[in-house]
Amino acid sequence: MSDAISLISTVRSQHPLVHNITNYVVMNITANALLAVGASPVMAHALEEMEEMASLASALVINLGTLSMPWIEAMKTAKQVASQRGIPIILDPVGAGATQLRTRTARELVEDCSSLIIRGNASEICALANEAVKTRGVDSTLTSDHAVEAATLLAGQHTAIVVISGETDHVVSPERHVEVHNGDRIMAQVTGMGCVSTALLGAFAAVTSDRFDAAVATMVAMGVAGELAVGRSEGPGTFVPHFIDALARLSPDLLTAHARIVSR
Ligand SMILES: Nc1ncnc2c1ncn2[C@@H]1O[C@H](COP(=O)(O)OP(=O)(O)O)[C@@H](O)[C@H]1O
Ligand SMILES: Cc1ncsc1CCOP(=O)(O)O
Ligand SMILES: [Mg+2]
């Protein structure tokens, strides 16, 4: 796993441009998180600039958090360009299972991607895999362990890497399954932490052809930054700036010292 851990240095030296079509709630925190690991974020969702922007980027992050019809059209156009170019596409199916629009759009977007990573919580991953889960909103009603079967199915159907976040993060490919046991429960009390992990997947996947390693590296980075930040913060409000500071401090040595990875 040392190859995966060292990717943080590659992100810092290459400054990959990550094109985000993301939600209004997390635009600021995800841009700051990307900058803190050394990537270059751009948030853009106007249909008129999708082809150009997706042509410049090293990864495309599509997040369904505040979905509307014009955005869906932009997401599909950007996805097509990214797929033709072979750059990684990271999908966060925020709220899949809660409304038909979200579930249907997520299922449409995972089709025909040349290099796909899906990152969601357990409810979202189960909903995307056709399981009859009814979620109330953007938070999971299931633990991440419950979605491993669904993730394996999705990974096989779409030749994708699937990440289920939660107390344990599961990284699943058609052939492999790794658990990441880092992080702190305070992260579930702060909006946008899942979306931050999705955005960072864009940064790490942009600098390697090994999407599995990129996914493991991202979830370790998230978890270790969370552990470092919680020790300095007084609650969910002050956690956020400490979390961004911790992301900026991450190095291969720090990650190696704290990583808790289990291969299944
Ligand atoms: N109970 C927990 N313990 C440790 N880390 C957690 C916990 N809950 C969430 N996380 C971490 O918070 C981040 C967001 O995950 P999650 O809350 O599942 O996403 P979402 O916000 O999309 O529901 C991930 O990096 C995950 O590892
Ligand atoms: C609360 C909310 N509502 C629509 S998008 C969003 C942010 C969700 O972010 P996360 O799933 O990362 O907590
Ligand atoms: Mg989420």
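Trainee: Which residues of helix α2 are buried?

Mentor: In helix α2 (residues 7-14), the buried residues are L7, I8 and V11. A residue is called buried if 20 or more other C-beta atoms lie within 10 Å of its own, exposed if 12 or fewer, and partly exposed in between, with C-beta atoms placed from the backbone. Helices (H or I, at least four residues) and strands (E, at least two) are DSSP runs, numbered from the N terminus. Please keep in mind that this is a predicted model, in which local features need pLDDT of at least 70, side-chain atom pairs count only at pLDDT 80 or more, and totals for chains, interfaces and linings use all residues. Residues are numbered from 1 along each chain as its sequence is written, while chains are lettered from A and ligands numbered from 1 in the order in which they are written.

Trainee: Why do the buried residues of α2 line one face of the helix?

Mentor: Viewed down the axis of α2, they fall within an arc of 110°, so they line one face. The arc is that of the directions from the helix axis to the C-beta atoms.

Trainee: And what do those residues pack against?

Mentor: The buried residues of α2 pack against α1 (2-5), α3 (27-37), α9, α10 and α12 (252-258). Contact here requires C-beta atoms, placed from the backbone, within 7 Å. After α2 comes H15, with a positive phi near 45°.

Trainee: What about α3, which of its residues are buried?

Mentor: M27, T30, A33, L34, A36 and V37 are buried in α3. Their cover includes α2, β1 (17-21), β2 (40-43), α9, α10 and α11 (236-249). Just after α3, G38 has a positive phi of about 105°.

Trainee: Turning to the strands, why is β5 described as largely enclosed?

Mentor: In strand β5 (residues 116-121), 6 of the 6 residues are buried, so the rest of the structure largely encloses it. L116, I118 and G120 point one way, I117, R119 and N121 point the other way, and all are buried.

Trainee: Which strands pair with it, parallel or antiparallel?

Mentor: Strand β4 (residues 89-92) is joined to β5 by 3 bridges, and the two run parallel. Strand β6 (residues 161-165) is joined to β5 by 5 bridges, again running parallel. Pairing requires that DSSP finds at least two bridges between two strands. I118 of β5 stands opposite L91, and in β6 its bridge partner is V162.

Trainee: How does the chain get from β3 to β4?

Mentor: Strand β3 (residues 59-63) is parallel to β4, with 4 bridges between them, and I62 stands opposite L91. The chain crosses from β3 through helix α5 (residues 69-85) to β4 in a right-handed β-α-β crossover. Right-handed means that, with the strands pointing away from the viewer, the path from the first strand over the helix to the second runs clockwise. As for β4 itself, I89 and L91 on one side and I90 and D92 on the other are all buried.

Trainee: Now the ligands. How many residues surround ligand 1?

Mentor: There are 17 residues around ligand 1, and the closest are N121, S165, G183, M187 and G194. A residue belongs to such a shell if its C-beta atom, placed from the backbone, lies within 6 Å of the molecule. The elements giving two or more residues to this shell are α9 (193-206) and α10 (211-230), and α9 gives the most, with 3 residues.

Trainee: What is the make-up of that shell by class?

Mentor: The shell around ligand 1 has 4 nonpolar, 8 polar and 5 charged residues. Ala, Val, Leu, Ile, Met, Phe, Trp, Tyr, Cys and Pro count as nonpolar, Asp, Glu, Lys and Arg as charged, and the others, Gly among them, as polar.

Trainee: And which residues are around ligand 2?

Mentor: Those around ligand 2 include N23, V25, V26, G65, T66, V94 and V138. The shell around ligand 2 has 6 nonpolar, 6 polar and no charged residues.

Trainee: One last topic: is D112 buried or exposed?

Mentor: D112 has 11 C-beta neighbours inside 10 Å, so it counts as exposed. D112 sits in the loop between α6 and β5, and its phi is positive, about 60°, although it is not a glycine. Most residues other than glycine have a negative phi.

Methods:
Contact = placed C-beta atoms within 7 Å.
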